[in-house]
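Please look over the sequence and the structure shown below before reading on. The report then goes through them topic by topic.

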Amino acid sequence: MNHRTLAIGRVPPAAATLTRVASFFSQPMNLIFMGVAGVIAFLALYPSFFLLYGSFTDAPLGVPGHFTLHNYVQAYSDPEAYRLILTSFIFGIGASGLSVVLALTLAWITIRTNAPFRRLFELTAIIPNIMPPLLISISWVLLLNPSNGLINVTLMRLLGLAKAPFNIYSVPGLIFVEGLILTPLAFLIIAAAMKGMDPALEESAKTLGSNEFGVATRITFPLMRPAILAAGTLNFVRAVESFDTPAIIALPARIEVFTTKIWREALGSFPTNHNLAATYGVGILAIALIFVYLYRRFTSQVESFSTVTGKAFRPHQIELGKWRYLASSVAFVLLILMVVLPFLVLLLVSLMPYYHVPTWETWHNLTLSNYRYILDTSRVHKAFGNSLFLAIVGASICMFLAALTSYITVRTKIAGRGLLEGLVFIPWAFPGTALALGLLWAYVDFPIPIYATIWIIMIAYVTRFLPYGLRAVSSTIIQIHKELEEASTACGAGFFATFRRILIPLMRPGIMAGWIILATIYIREFSASIFLYSPGSEPLGPLLYFLYLDGMRGRVGALGVVISIICVILIAFAQRLSRWEAK
Amino acid sequence: MPRNFKILFVFLATLGLFYAELALGQDTKLIEAAKKEGGKVVAYGSLESDTADAISKAFQKKTGLEMEYWRASATKVMDRALSEYRAGKPFFDVILINDNPLQIMQKEGLFAKYDSPSAKQFPKDAIDPNLGPRYRNVIVGIVYNKNMIKPADVPKSLEDVVNPKYKGKLVMPDPTQHTTTTQWVASLFKLMGKEKADKYIRDLAAMKPILVESLLPAAERVTTGETPIAITYVKYAYIFGQKGAPLDYVRLGKMLGDGHYAPLSSKAPHPNAGKAFVDYLLGEESMKIMAKMGEFVNRKGVHPPLPDADKIQFVEMEDLDAKGYAEKKKEYTKIFLQ
């Protein structure tokens with residue numbers, strides 16, 4: 001069928017061009033480029049094609065329709081859409097800005113200083129990424145709603161207030177919660193870059209008389225620019241694209257953002273209008289591509305960010321003296337907000353037969369029935385098995401692709417590498433449900449029977465989340481100076497040997513950061529999986545979703561707690577593997 | 001004389017088996033055929049997972065056939081089923097969702113007409129010519145938190161709910177975003193006549209109710225005590241009440257709701273298993289199981305264990321097509337959000 005074939009290039013008629021082609025392919029780098037580009041192009045374009053096509057017709061997938069620009073007219077001629085895009089921008093900038101500030105602070109404290117407990121901080125900073133954003137939003141509503149939020153009620157009692165001091169149903173509330181949700185991602189990217197930094201520059205600043213704070217603001221943070229921008233970009237697009245938090249916090253506040261509008265017009269309409277959803281997706285894609293372009297512009301002077309050079313080094317650690325307890329306290333407070341409070345609420349929800357503001361009687365009513373459900377139900381065990389498989393294998397495959405792609409886009413001069421990076425972002429820009437349907441349509445009749453098995457979910461995850469892996473690893477690869485590769489090639493090593501023995505070890509912090517981000521997302525993802533899994537291959541994300549749909553918050557809480565604990569073990573293990581060898 | 005007894009016994013046993021075979025004849029043939037197909041039925045639906053689990057276990061016990069169930073919201077089920085069907089490869093045998101999306105799917109030819117022998121047990125007006133019997137109803141009503149509202153202050157009727165004293169105390173799903181709620185608001189005229197309904201809708205909007213994503217979050221806010229009164233499914237009063245939540249529902253008498261059906265796919269990969277499942281689902285045993293779990297099944301005398309459940313009069317909501325929904329959404333956006 002025509003729409004399934006990809007036309008690759010023109011057919012050269014003359015013999016002279018044939019020799020040019022032959023020489024192109026004889027270089028291993030170009031072969032690898034073609035291989036990687038081929039895989040990514042297929043993964044990204046195959047499902048996206050159906051969505052893009054859908055945005056230009058008036059009929060759903062599979063039904064013959066007519067070419068029309070009506071969807072675009074409907075989506076973009078509505079003045080309300082632009083007002084909402086502005087609100088979403090404010091929300092996105094606020095949330096991603098907050099997340100970057102928090103991440104920088106936390107990363108600096110855990111990686112650069114000798115503050116006590118910093119290893120613990122590093123481990124736990126990732127936990128919010130494990131909890132589905134839905135659960136975190138619900139937890140914060142239970143804590144900060146103006147009528148019976150736990151924190152409000154406690155403060156009112158302690159300070160004798162008449163009205164609740166905090167109202168989560170507001171734009172600041174929305175930015176606050178989304179910012180906290182996004183911080184782990186920013187933390188992982190920024191921390192990886194910080195770990196890989198050569199301390200020579202910082203040390204020379206100190207020798208010249210700068211104090212630690214001066215070093216941080218004038219040397220460290222500016223050198224982190226690629227990582228900061230990477231984290232900021234990803235989080236901005238993620239915030240603008242998120243639906244769970246606005247649905248729970250913005251709706252009751254009668255605040256509208258772009259995604260709630262998309263929901264009303266397209267996804268929540270009846271029947272679902274995927275053509276319109278795809279059209280909105282194209283808009284988000286345009287925004288994402290602009291940001292990718294800006295990111296590449298700002299980090300184009302690659303040499304100036306190289307800090308990982310051939311000299312052996314140890315990351316510079318700052319002795320804070322008695323300030324280190326202050327630093328620990330700051331990190332501690334941040335972690336209480338990011339991790340402890342939502343987790344505690346989750347724990348409470350899992351132990352109570354139904355959630356209500358706890359009183360002294362509540363202690364008598366606590367129950368372990370939700371945990372018993374997890375232990376007794378084979379369906380839950382199977383879901384754990386499926387999700388762990390998807391997380392470990394999927395994240396590894398994805399990071400392998402990401403490392404190769406990142407090398408090509410950052411390191412080589414191959415024409416079209418910018419296009420490769422753009423390709424990676426295409427599937428990601430479409431709203432989750434729209435992409436899921438694109439994937440369904442693309443693979444339901446595939447010659448290899450992967451639909452309704454676990455492999456289609458794997459493909460969906462890799463397709464959708466490759467940008468995360470790419471961003472995580474790009475910011476580390478930028479820091480590696482060319483001289484290391486050149487030395488390796490001068491000694492006679494081929495591409496794969498250099499890649500394996502020089503680059504991958506140096507990129508390890510970035511690869512590990514990306515792997516952890518991906519594994520924790522894969523383990524609870526549901527908007528793509530929900531359409532593609534079948535009863536035998538059910539992962540945890542859809543399980544959590546249908547438990548939530550059925551009103552079983554207790555079981556959702558219990559499952560959330562267990563997933564978090566398993567993930568922490570997984571991550572601790574992964575971090576062990578990536579630890580720097582001293583000298 | 002033992003030998004004669006033996007012959008008599010064998011004769012009676014054979015006779016018994018023969019009659020049993022006649023009675024279950026159609027059943028066993030169907031089940032045998034289903035076993036040859038692979039021994040399982042695949043259903044997509046919005047029926048709650050615990051209920052589906054209970055039915056699946058009982059079904060397997062009775063027939064030896066397995067049920068594989070894919071649970072999602074009705075719109076998602078419709079999306080997936082339609083997409084698979086249009087791609088030419090539907091994986092499902094039976095669909096278990098409510099009326100409105102089923103009608104859309106029916107028009108595209110997704111279903112085969114199946115006259116299940118179990119359908120005879122349903123009142124004639126509850127049988128759709130294409131979809132079969134309406135086996136259960138989901139009912140929308142007013143649910144409230146007993147600890148937060150004194151018995152004297154509880155609203156006594158729908159009209160009571162828009163009394164200004166309840167301002168800020170009511171939560172409901174956003175009628176511009178949640179399709180069942182759009183349907184509910186659009187069907188209020190069936191309970192109170194068109195003129196009164198139009199005024200009521202405006203009064204309801206003037207109350208500035210707290211808007212949430214769907215009927216479940218509305219019920220949850222009442223359970224946690226955040227908002228005392230909700231417009232939501234009446235069955236949540238039972239489901240959350242079972243866990244200890246102090247919920248009760250307003251005895252409105254007539255309540256609006258939607259019907260659920262169990263049609264068979266026209267391209268079912270396991271048609272005989274599908275038929276056997278539909279036969280079971282519509283049968284007495286399954287109805288009793290569902291009612292015990294809080295469902296309002298469409299069988300005379302079978303009620304969920306919710307107090308006064310037998311006094312509820314079910315009024316079917318109006319079906320809306322795509323154009324109808326778009327119009328109502330626009331109308332309600334003006335009324336509720338501006």
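## Basis of the report

This is a predicted model, in which local features need pLDDT of at least 70 and side-chain atom pairs count only at pLDDT 80 or more, while totals for chains, interfaces and linings use all residues. Residues are numbered from 1 along each chain as its sequence is written, chains are lettered from A and ligands numbered from 1 in the order in which they are written, and side-chain values use heavy atoms, with hydrogens and water left out.

## Chain B

Chain B contains 13 helices and 15 strands, where helices (H or I, at least four residues) and strands (E, at least two) are DSSP runs numbered from the N terminus. Its C-alpha atoms fill a box of roughly 85 × 50 × 35 Å along the principal axes. Of the 338 residues in chain B, 58% are buried; buried means under 20% relative accessible area, exposed means over 50%, and partly exposed lies in between (1.4 Å probe, protein chains only).

Helix 11 of chain B (residues 271–281) is largely enclosed by the rest of the structure, because eight of its eleven residues are buried. Among these buried residues are B:Phe277, B:Val278, B:Asp279 and B:Tyr280.

## Nonpolar cores

A nonpolar core is a set of buried Ala, Val, Leu, Ile, Met, Phe, Trp, Tyr and Cys residues joined through side-chain atoms within 4.5 Å. The largest one has 286 residues, and the members that touch the most others are A:Ile190, A:Tyr443, B:Ile95, B:Met105 and B:Trp184. Helix 9 of chain A (residues 171–195) gives this core its largest share, 16 residues. A second, separate core of 32 residues includes B:Ala34, B:Ala43, B:Leu96 and B:Tyr280.

Contact means heavy atoms within 4.5 Å. If neighbours within four places in sequence are left aside, the residues in contact with A:Tyr443 include A:Phe42, A:Tyr46 and A:Ile459.

## Where the two chains meet

The contact takes 54 residues from chain A and 53 residues from chain B. Between the two chains an area of about 4800 Å² is buried, and carbon and sulfur atoms give 54% of it; buried area is the accessible area (1.4 Å probe) that two parts lose on being put together, summed over both. On the side of chain A, the residues that lose the most area to chain B are A:Arg254, A:Arg264 and A:Phe270, which together account for 18% of what that side buries.

## Salt bridges

Side chains of opposite charge can pair when their charged atoms come close. A salt bridge is a side-chain nitrogen of Lys or Arg within 4 Å of a carboxyl oxygen of Asp or Glu. By this rule there are four salt bridges across the interface of chain A and chain B, and the count over all chains is 28. B:Asp53 lies in helix 2 of chain B (residues 49–63) and A:Arg379 in helix 20 of chain A (residues 378–411), so the pair joins two chains. Their side chains meet in a salt bridge at 3.6 Å, N to O.

Within chain B, the closest N and O atoms of the salt bridge between B:Lys311 and B:Asp308 are 3.1 Å apart. B:Lys311 counts as exposed at 55% relative accessibility, whereas B:Asp308 is partly exposed at 30%. Another salt bridge joins B:Glu331 and B:Lys328 (3.7 Å, N to O), and because these residues are three apart in helix 13 of chain B (residues 322–337), they are separated by about one helical turn. In chain A, a network of salt bridges links A:Asp78, A:Glu80, A:Arg83 and A:Lys261.
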